[in-house]
Amino acid sequence: MTELLAQASGALVFDGCDFDGADLSRLDLQDVEFRNCSLVETSLYAAKLARSRWQRCRGGRADFDSADAVDARFDGCDLNNSSWRRARVASATFAGCKLTGANFEEAGHLGLSFEHSRLAGADLRRLSFRKARLVGLDFQEADLSGCDFREAIFEECSIRHAHLKDTRFDGADLRGADIAGVRLSNAGMFKGAIISTRQAAELMRELGLLVA
């Protein structure tokens with residue numbers, strides 16, 4: 001199977017294949033489509049994945065470090081604890097995916113999009129979501145340090161107990177976000193942000209104040 005992958009390119013489709021634990025590092029898999037495949041603990045280090053398509057695949061603890069996944073799309077995939085350190089994921093889309101504990105440290109991410117996905121405990125430091133419309137994203141306990149959410153719109157999202165050191169929410173609409181556990185240690189990060197009356201009361205309680 002790995003020999004076939006080494007020759008893969010173009011409109012090749014893999015359906016229901018098992019690549020668990022395989023070494024697929026540095027392979028040219030551009031434009032290849034993966035459907036219902038298993039890639040648990042698979043190494044795709046520095047692989048060429050531009051414009052690849054992934055549907056309902058399982059890739060827990062898979063290694064995508066330094067991969068080129070520009071304009072790739074992942075739909076309904078389980079990618080819990082996968083690693084994307086220094087990967088190029090510009091214009092990539094993750095829709096309906098499980099990315100709990102995923103690591104996107106130093107990823108090239110211009111135009112990166114998440115939709116209806118679970119990112120609890122993920123390392124998303126310094127990613128930019130500026131002016132993005134964020135729908136159905138679970139950032140619970142994620143590391144959002146240095147992230148840019150300026151003028152972003154949150155809908156059905158959670159940032160409960162997320163790490164928010166140097167995070168920017170200037171002008172963001174947070175009314176559709178669960179902000180439980182958020183502390184106003186640096187109120188400046190929320191300058192001009194929109195929150196609901198209920199959320200304002202929650203933030204006041206974090207400061208030990210009661211809103212009557």
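In which sense do strand E2 and strand E3 pair, and over how many bridges? Hold that thought for a moment, everyone.

A word on the ground rules. This is a predicted model, where local features need pLDDT of at least 70, side-chain atom pairs count only at pLDDT 80 or more, and totals for chains, interfaces and linings use all residues. Residues are numbered from 1 along each chain as its sequence is written, and side-chain values use heavy atoms, with hydrogens and water left out.

Back to our pair: E2 (residues 33-35) and E3 (residues 53-55) run in the parallel sense, joined over three bridges.

Now zoom out. These strands belong to an open sheet of six with parallel pairing, in the order E1-E2-E3-E4-E5-E6. At its edges sit E1 (13-15) and E6 (113-115), each pairing on one side only. Neighbouring strands are turned by 5 degrees against each other on average, direction ignored, using axes fitted to C-alpha atoms and angles from 0 to 180 degrees between N-to-C directions.

Overall, the protein has two helices and ten strands, and the sequence reads α-β-β-β-β-β-β-β-β-β-β-α. Both are DSSP runs, with helices (H or I) of at least four residues and strands (E) of at least two.

Finally, some totals. Of the 212 residues, 46% count as buried, meaning under 20% relative accessible area with a 1.4 Å probe, protein chains only. Among contacts (heavy atoms within 4.5 Å) with a separation of 6 or more, 2% come from residues 24 or more positions apart.

Methods:
Pairing = 2+ DSSP bridges. Buried < 20%, exposed > 50% of the residue type's maximum accessible area, 1.4 Å probe, protein only.
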